[in-house]
Amino acid sequence: MELQNQRVLVIGGSSGIGLAVARRAAASGADVTIAGRSAARLEEAANVLPFPVATLPLDIADDVAREVLAGTTPWHHVAVTAGDVRTGPIRKQSTSDAQSGMNAKFWGAWRVAAATPIIQGGSLTLTSGAFALRPAPGRVIAGAINAAIEGLARGLALELAPTRVNVVSPGLVDTPLWSALPDDKRRAYFERTAAALPARRIATADDIARLYLTAMTTPILTGTTLLGDGGHVLI
Ligand SMILES: NC(=O)c1ccc[n+]([C@@H]2O[C@H](COP(=O)([O-])OP(=O)(O)OC[C@H]3O[C@@H](n4cnc5c(N)ncnc54)[C@H](OP(=O)(O)O)[C@@H]3O)[C@@H](O)[C@H]2O)c1
């Protein structure tokens with residue numbers, strides 16, 4: 001119960017990695033609030049969690065989020081997993097599509113850092129992705145956004161100190177993010193990737209949630225990126 005009575009906010013907590021972070025934080029004794037754009041999705045997530053959690057409808061792609069977050073009671077730990085990134089080959093992608101990903105994921109993280117009150121000695125954990133280190137054709141903007149987030153966190157670790165600021169960088173994770181792919185294609189992609197990875201598996205959301213809990217509860221960890229990629233950067 002390492003997070004007993006601590007206030008934890010998970011922005012992106014209604015699905016995937018964020019939902020798994022909320023589950024682990026609540027199981028460790030935290031008072032958890034989950035935030036996301038859709039109030040209905042938040043309610044649905046709150047109903048599947050085995051612990052009571054509060055919900056906070058919020059769009060971090062919008063500056064209004066700054067005002068909402070600034071008005072909240074200070075948190076011990078804040079995790080941001082939210083962010084929609086539209087990928088595609090640069091010569092086929094519109095500027096506005098590329099910018100919308102940057103606005104939601106990078107500037108979203110920036111808005112959270114700028115506005116959210118965090119108790120002294122608490123933590124902020126952002127989310128990047130392995131494309132930051134291991135770019136892929138067709139995913140260039142995702143890699144650039146993720147790299148920018150890692151740079152942001154290193155600076156924030158100094159400026160917001162003693163609040164600790166870290167990043168979790170997942171590789172491929174089996175979450176609803178991939179639900180737009182037809183089942184057979186998704187399964188084949190996951191199996192192909194797992195076979196190529198040194199860990200011989202792709203991550204579950206809960207595998208990655210462990211890293212956020214580590215970032216929250218390890219008092220010496222700040223300004224760093226925890227890579228949860230199954231060894232992807234090595235191949
Ligand atoms: N899954 C992977 O393979 C993978 C790999 C590398 C990195 N990542 C990164 O990990 C993070 C989490 O991914 P996931 O797989 O858990 O995705 P997910 O299952 O789609 O969950 C995304 C969550 O973020 C919320 N959200 C999205 N945009 C938001 C916004 N503008 N404001 C507030 N909440 C917002 C969503 O709720 P609403 O839609 O209701 O807002 C949802 O709760 C993302 O940043 C993603 O880029 C994922």
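Helices (H or I, at least four residues) and strands (E, at least two) are DSSP runs, numbered from the N terminus. The model is predicted, so that local features need pLDDT of at least 70 and side-chain atom pairs count only at pLDDT 80 or more, while totals for chains, interfaces and linings use all residues. Residues are numbered from 1 along each chain as its sequence is written, and side-chain values use heavy atoms, with hydrogens and water left out.

Nine of the 12 residues of helix 1 are buried, so this helix is largely enclosed by the rest of the structure; buried here means under 20% relative accessible area, exposed over 50%, and partly exposed in between, with a 1.4 Å probe and protein chains only. The buried residues of helix 1 are Gly16, Ile17, Gly18, Leu19, Ala20, Val21, Ala22, Ala25 and Ala26. After helix 1 comes Gly29, with a positive phi near 100°.

In soluble globular proteins, nonpolar side chains tend to be buried together. A nonpolar core is a set of buried Ala, Val, Leu, Ile, Met, Phe, Trp, Tyr and Cys residues joined through side-chain atoms within 4.5 Å. The largest such core has 28 residues, and those with the most contacts inside it are Leu3, Val8, Val21, Val32, Ile34, Ile208 and Tyr212. At least two residues of this core come from each of strand 1 (7-11), helix 1 (16-27), strand 2 (31-36), helix 2 (39-48) and helix 7 (205-217), and helix 1 gives the most, with seven residues. Apart from this core lies another, of 27 residues, among them Ala65, Val112, Ile149 and Ala153.

The second largest pocket has a volume of about 200 Å³. Of the 13 residues that line this pocket, Ser14, Ser15, Gly16, Leu19 and Pro176 are the closest to its centre. Helix 1, helix 2 and helix 7 each supply at least two residues of the lining. A pocket is an open set of points on a 1 Å grid over the protein atoms alone, where a 1.4 Å probe fits, with protein on both sides within 12 Å along at least five of seven lines, and lining residues have an atom within 4 Å of a point; grid points are joined across faces, edges and corners, and the volume is the space filled by probe spheres set on the points.
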